[in-house]
Amino acid sequence: MPQERKSIPPRTIVIKLGTSSIVHETTHQPLLSTLSAVVETAVDLRRHGHKVVLVSSGAIATGLKRMDLMKRPESLSGKQALAAIGQGRLIALWDNLFGQVEQPIAQVLLTRGDISDQTRYLNAVNTFKELLSMGVVPIVNENDTISVSEIKFGDNDTLSAITSSMVHADYLFLLTDVDGLYTANPRKDPNAKQIEVVNSIAAIRSEVSTTTLGSSLGTGGMETKLIAAEISTAAGVTTIITSSKHPEKIFDIIEYDMHTSPNKRLKRPPHTLFTASPEPMRDLKSWTSHTLNPSGSVIIDAGAYHVLCKRESGGRLLAAGVIGVVGAFASGQAVRIVIRQRVLGHDEREEEKRAYLESLELTRPSTPHTAAAFELEDSQELGGVKAGDGDVVLDAEISEADVVEVGRGLANYNSAQIMAVKGLHSSLLPQVLGYADSEYVVENVTIRLPLSPPSYA
């Protein structure tokens, strides 16, 4: 009889299972013992009041078994054809296993195109919400038959991270064939040590091995899991890498993480935990930052960069802080927020900051945050990076190679319109454009500080 675990309050949990954990690498037979254990764990989680989403790879590998092929084809069309063959059999396998315990499931196939469109993204969010409220376990996979990017880039690690953000998950479990992140490949180096807790993914990259995984069937490895952890933790999701051989340990890991039994000494189950951001991005900001392919870039000055680094900015950029654009984009498309790779002195940086703060004061009264909100001591140095010297920046004069990306956002105007109003106060937008839907040229901006300040002369 399953153990009662009343000490853990209800949580939303996303479980990602890779191809190497679903089918045997050489025979392509489904690993029924692992799959059954995952089903039992998911059902037990549901019984304790948790909501569960399963992200399952394995469509191409299942197609290989059906067609009696030994290895993945080289051509994209061949992989897509096998995915079409295997996906039906894969979901039938899951349905059969979950059906044995009377647990309803739903198939959710997504592509990057689906989640890059705001309307379809929100529709998918609402579908997940409804399925979970009905007690259903959604089983998510990339639609490999029509999705070029998944097959070429990585497996479903990134998809599982985006899914966890969409459902506002508390935990994302990346189940794989090692039980965590190691300083070296544990299969080759007996001195490899497991990293138990990661607070900064950027800081840990140089200290660990990212070559511990990646089977001939799958398309990912440990590096894709670090990318996934960056996305999910930024959305406020605690992310865990652990072994798929013991999915029942999910309960123990959550209990250990929550420290719900202070009077009981808990043994730490093997796993690596990536701590969630204390200031998570949600919904539109997370969608903008991680699921969209930017169509161009908006170049900002140091003053605008300083303000956008503050939470009080609301993630909104005024035309006064823009010095140029790179590429062509339409209103409503995602854009990179970039700064030029130049060293800027303290006095010049302060002057640009002052000018941008003055433009904030001149915005219409409905603006929720004025310059006074930013008259604070800098908590983050800009590293002397200058966004520009205020001169006109034309498309022909600068390219992506000349700038550093510091964030992303959604453009309220197209590239030509932003070029026309760059450097101007918001009150002048109607005169220049003939209309002004918004005083902000870019909204839903998320700023990511560079890992280390560039040192350009």
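1. Y413 is buried, with a relative accessible area of 1%. The model is a predicted one, and this value is computed from it. Y435, in contrast, has a relative accessible area of 31% and is therefore partly exposed, as the buried class ends at under 20% and the exposed class starts at over 50%.

2. A search of the whole structure gives three aromatic pairs. In one of them, W94 and F98 are tilted, with 6.1 Å from centre to centre and 40° between the planes. Both residues belong to helix α3 (residues 76–99), where they are four residues apart, about one turn of the helix. W94 and F98 are both buried.

3. Y413 and Y435 also pair: the ring centres are 6.0 Å apart and the planes meet at 55°, so this pair is tilted. An angle over 60 degrees would have counted as edge-to-face. The two tyrosines link distant parts of the chain, 22 residues apart. Y413 sits in the loop between β17 (403–411) and α14 (415–421), while Y435 sits in the loop between α15 (429–433) and β18 (440–447).

4. How many residues of helix α7 (residues 157–166) are buried? The count is 10 of the 10, so the helix is largely enclosed by the rest of the structure. Among the buried residues are D157 and T158, as well as L159, I162 and M166.

5. After α7 comes H168, which has a positive phi, near 55°. This backbone angle may be worth a look when the end of the helix is inspected.

Terms used:
Residues are numbered from 1 along each chain as its sequence is written. This is a predicted model: local features need pLDDT of at least 70, side-chain atom pairs count only at pLDDT 80 or more; totals for chains, interfaces and linings use all residues. Side-chain values use heavy atoms; hydrogens and water are left out. Rings of Phe, Tyr and Trp (its six-membered ring) pair if their centres lie within 6.5 Å; planes under 30 degrees apart count as stacked, over 60 as edge-to-face and the rest as tilted. Buried means under 20% relative accessible area, exposed over 50%, partly exposed in between (1.4 Å probe, protein chains only).
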